[in-house]
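Q: Could you walk me through this model? I'd like the overall picture and then some individual residues.

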Amino acid sequence: MSWLHTLLNYIGLSILRLFAFLPYTWTVQIGYALGSVFGRLPHQRKYVVLRNLELCFPNLGPHQIQILANQHWRLLGRAVIERSRVWLGSAEQIFSMVDIESEIPLGDNKPRILVIPHFVGFECGFMALSALGEKNGWQRGAGLYQNMKNPFFNQKIIEWRNRFGAKSINRQNRLFDLIREIRKGNFVVIAPDIDLGPKDSVFVPFFGIPTNTITAISRLAKACSAEVCLMITTLNADKSKYICKIHKALPNFPSDDPVSDTARLNHYFEEEIRKRPAEYYWVHKRFKYRPPGEASLYD
């Protein structure tokens with residue numbers, strides 16, 4: 001790593017530390033402002049957001065799509081800046097911005113998989129649950145991660161996510177670690193709504209579009225005799241903080257049909273997204289891989 005890269009990394013780290021200890025209302029407003037500016041600059045992710053919204057909400061006109069995209073960029077900017085507080089702030093700081101509501105008993109060490117869609121506040125929810133587990137002496141949390149291109153921040157973020165006793169598991173090659181954590185009864189949080197390629201995936205509907213989706217949740221739940229619960233982290237009514245809601249176990253899940261189970265999860269996600277579409281993480285190419293013979297939806 002060159003001296004310039006090292007310098008830039010430490011400048012970025014200093015900025016994160018600054019935001020972590022600013023008053024929370026300042027953090028929110030700065031995030032809104034930065035998100036609004038970034039959403040107006042010409043870049044490829046701006047196109048991805050608009051394209052995803054066009055595909056998922058064909059009933060909306062161009063003006064309505066643009067309004068929704070602008071709302072999304074504001075909320076995404078807020079969430080990105082908030083991560084400084086989530087990663088570097090105290091447990092009390094996290095609890096001040098996230099409430100946890102659970103329909104299941106926490107701390108009973110029952111094998112469960114908590115399935116989260118990528119709303120912009122998903123990182124807040126995971127960290128709040130992890131901090132709450134440490135505070136109450138419950139089982140630790142575990143979550144999957146994918147390596148970043150920047151090794152400095154890749155390692156830093158793993159350390160920050162693990163600081164309340166959680167365990168970060170590389171989604172590429174640590175399947176047995178994941179199974180072990182589930183069987184121990186630790187909180188295992190998985191977000192299956194990212195297009196990771198054709199391996200161990202099937203095309204099932206998402207907003208009426210055949211969408212490449214991993215079948216891991218069904219297979220892991222079957223292998224570990226684990227319950228599967230949705231964990232949804234979204235803003236409260238006045239947007240002053242987040243609510244992380246852990247729902248009761250999905251009935252009759254898993255079944256003997258992983259494809260049907262995977263389609264069912266996509267349906268649940270879609271229902272939640274339609275309630276608050278601006279909060280979903282539209283910047284990733286959810287429809288990147290297509291069924292054989294179909295053209296790209298992003299050209």
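A: The overall build comes below, followed by some single residues.

Q: What kind of model is it, and how is it numbered?
A: This is a predicted model: local features need pLDDT of at least 70, side-chain atom pairs count only at pLDDT 80 or more, and totals for chains, interfaces and linings use all residues. Residues are numbered from 1 along each chain as its sequence is written, and side-chain values use heavy atoms, with hydrogens and water left out.

Q: How many helices and strands are in the chain?
A: The chain has ten helices and nine strands. These are DSSP runs, numbered from the N terminus: helices are H or I with at least four residues, strands E with at least two.

Q: Why call it as compact as a globular protein of that length?
A: Because the radius of gyration of the chain is 19 Å, close to the 19 Å that the globule rule gives for 299 residues. That radius is taken over C-alpha atoms, and the rule is 2.2 Å times the number of residues to the power 0.38. Along the principal axes, the C-alpha atoms fill a box of roughly 50 × 50 × 45 Å.

Q: What share of the residues is buried?
A: Of the 299 residues, 53% count as buried. Buried means under 20% relative accessible area, exposed over 50%, and partly exposed in between (1.4 Å probe, protein chains only).

Q: And which contacts account for 75% of those with a separation of 6 or more?
A: Those between residues 24 or more positions apart. A contact means heavy atoms within 4.5 Å.

Q: Let's go to Thr234. Where does Thr234 lie, and is Thr234 buried or exposed?
A: Thr234 lies in strand β8, residues 227-235. Thr234 counts as buried because its relative accessibility is 8%.

Q: What does Thr234 touch?
A: Leaving out residues up to four places away in sequence, Thr234 touches Phe119, Lys241, Tyr242, Ile243, Arg276 and Glu279.

Q: Next, the backbone. Where is the cis peptide bond?
A: It joins Phe253 and Pro254, with omega about 5°. Pro254 sits in the loop between β9 (242-246) and α10 (258-275).

Q: What about Asn252 in that loop?
A: Asn252 is also placed between β9 and α10. Its phi is near 55°, a positive value in a residue other than glycine. Asn252 counts as exposed, at 68% relative accessibility.

Q: And what is the phi of Asp200?
A: Asp200 has a positive phi of about 55° although it is not a glycine. Asp200 lies in the loop between β5 (187-190) and β6 (201-206). With a relative accessible area of 45%, Asp200 is partly exposed.

Q: How do β6 and β7 pair, parallel or antiparallel?
A: β6 and β7 (residues 209-214) pair in the antiparallel sense over six bridges. Two strands pair if DSSP finds at least two bridges between them. The bridge partner of Phe206 in β7 is Ile209.

Q: Which residue in that hairpin takes a positive phi?
A: Phe207, with phi near 55°; the hairpin of β6 and β7 has two residues between the strands.

Q: Last one, Pro62. Where is the place of Pro62, and is Pro62 buried or exposed?
A: Pro62 is in helix α4, residues 62-88. Pro62 counts as exposed, at 75% relative accessibility. The C-alpha atoms of Pro62 and Leu50, twelve residues apart along the chain, are separated by 9.2 Å.
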